[in-house]
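Please read the points below alongside the model.

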Amino acid sequence: MGATRTITLGVDIGGTKVAAGLVDAEGTILFQTRVAMPARESAEAGFAAVRTCIESVFAAHPEERAGFTGIGICAPGPLDPVTGVILNPPNVPCWRNFPLAAEVQRVFGLAARVDNDGNAAALAEAIWGAGVGYRNVFYATLGTGIGTGIVFDRRIYHGRTGSAAEGGHETIDYNGPQCGCGKRGCIEAYCSGPAIARRARERLSELRHAASSPTGFGSAESKILALVDGNMDALNAEIVAEAFRLGDPLATEVLRETADFLAIWAGNIIDLLEPDVFIFGGGLAELMSTFFWRIREQLAKWCVNQRFAEIPMVLAKYGSDAGIAGAAALCRS
């Protein structure tokens, strides 16, 4: 790698790991590494992991440091993107009101930008990924939770206090299941990985105790039971996905229902924001892209905006590397 290129260091902090990588001006990740994150130890131990990860990048490519434009960091929220202070993230309990940006800048002498993972990933997609060519981008990551980000003209929309774009906690049914955030009926409580698994588990339990099923199949015929070897506690979204690929009717029904919930939610997003593009990322995005047709079909019932069909629904460019790319993008906006 040449020393004349403009390089940004992106750091992705999670509950179990810290990943860091070098990203060039075109959004290509040139190198990356990771270390364990001691999220339940002291604040000092948590920062030591971040420091070790950054130093390992410097050690591997010392010739690139002169070209660094800054260090971008995506971290679990709640956080303050203006001051770079990590407030009280449930997934990283070692940090409470921790001045992460200031500490990184103090140790490494480089400007540091901090934001949450949904915002950062949205920005990376807007400037380098599936959102290139669109002014207003809405990004949603589907996985263990549902995170979102809004980018207007290559700038993250933070709202008044930095807490905007919590789209995963938009309620679609106030009588719905309680979400981890405390509210009821959030889209995350219906369409996250754990929510999909819960609904599949409930459906199997209902069929198991029913003498017959109106859909024409009993729980004993479901491929899900075979995949978990009868252990319902082992049932997760990946198992549902595998059963769907094998043609299992129950898995197909659960995922079709998931698409219908996403259509209700997407209709609200479109009527409120009317973005130029709707980008889906995260571990479940490719699976649910199989049902994009279903979401579009159902949107006709859930959108006031009759031009919803003009808004493309696309898969994100960055997969598991969204955190590193997103963090680096923070220094390019």
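1. Leu235 touches Ala197, Ala200, Arg201, Leu204, Ile224, Val228 and Val240, leaving out residues up to four places away in sequence. The model is a predicted one. Leu235 sits in the loop between α6 (223–227) and α7 (237–245).

2. Is Leu235 buried or exposed? Its relative accessibility is 3%, so Leu235 counts as buried, the cut-off for that class being under 20%. As for separation, Leu235 and Asp173 lie 62 residues apart in sequence, and their C-alpha atoms are 25 Å apart in space.

3. Helix α5 (residues 193–208) packs with α8 at an angle of about 135 degrees, and the two axes are 10 Å apart. The helices α5 and α8 are therefore oblique to each other, since angles over 145 would be needed for roughly antiparallel. Their crossing is right-handed.

4. Which residues make the contact of α5 with α8? From α5 come Ile196, Arg199, Ala200, Arg203, Leu204 and Leu207. From α8 come Leu250, Glu253, Val254, Leu255, Glu257, Thr258 and Phe261. By type, the residues of this contact are eight nonpolar, one polar and four charged. Ala200 and Leu204 of α5 belong to this contact, and Leu235 touches Ala200 and Leu204 as well.

5. Helix α8 (residues 249–273) also meets helix α10 (residues 292–302): the axes come within 8 Å and cross at roughly 50 degrees. That angle makes α8 oblique to α10, because roughly parallel requires under 35 degrees and roughly perpendicular 65 to 115. The crossing of α8 with α10 is right-handed.

6. On the α8 side, the contact with α10 is made by Arg256, Ala259, Asp260, Leu262, Ala263, Ile264, Ala266, Gly267, Asn268, Ile270 and Asp271. On the α10 side, Arg294, Ile295, Gln298, Leu299 and Trp302 take part. Sorted by type, the residues of the contact of α8 with α10 are nine nonpolar, three polar and four charged.

7. Thr8 belongs to strand β1 (residues 7–13). With a relative accessible area of 0%, Thr8 is buried. Where does the side chain of Thr8 form a polar contact? The partner is the side chain of Arg332, at 3.0 Å.

8. Neighbours within four places in sequence aside, Thr8 is in contact with Gly21, Leu22, Val23, Thr69, Gly70, Ala328, Cys331 and Arg332.

Conventions: Residues numbered from 1 in each chain as written. Predicted model: local features only at pLDDT ≥ 70, side-chain atom pairs only at ≥ 80, totals over all residues. Heavy atoms only, no water. Axes fitted to C-alpha atoms, helices over the stretch in contact; angles between N-to-C directions. Helix = DSSP H or I, 4+ residues; strand = E, 2+ residues; numbered from the N terminus. Left-handed = near helix turned anticlockwise from the far one by under 90°. Contact = heavy atoms within 4.5 Å. Nonpolar A, V, L, I, M, F, W, Y, C, P; charged D, E, K, R; others polar. Buried < 20%, exposed > 50% of the residue type's maximum accessible area, 1.4 Å probe, protein only. Polar contact = N/O pair within 3.5 Å; in protein donor to acceptor, adjacent residues only side chain to side chain.
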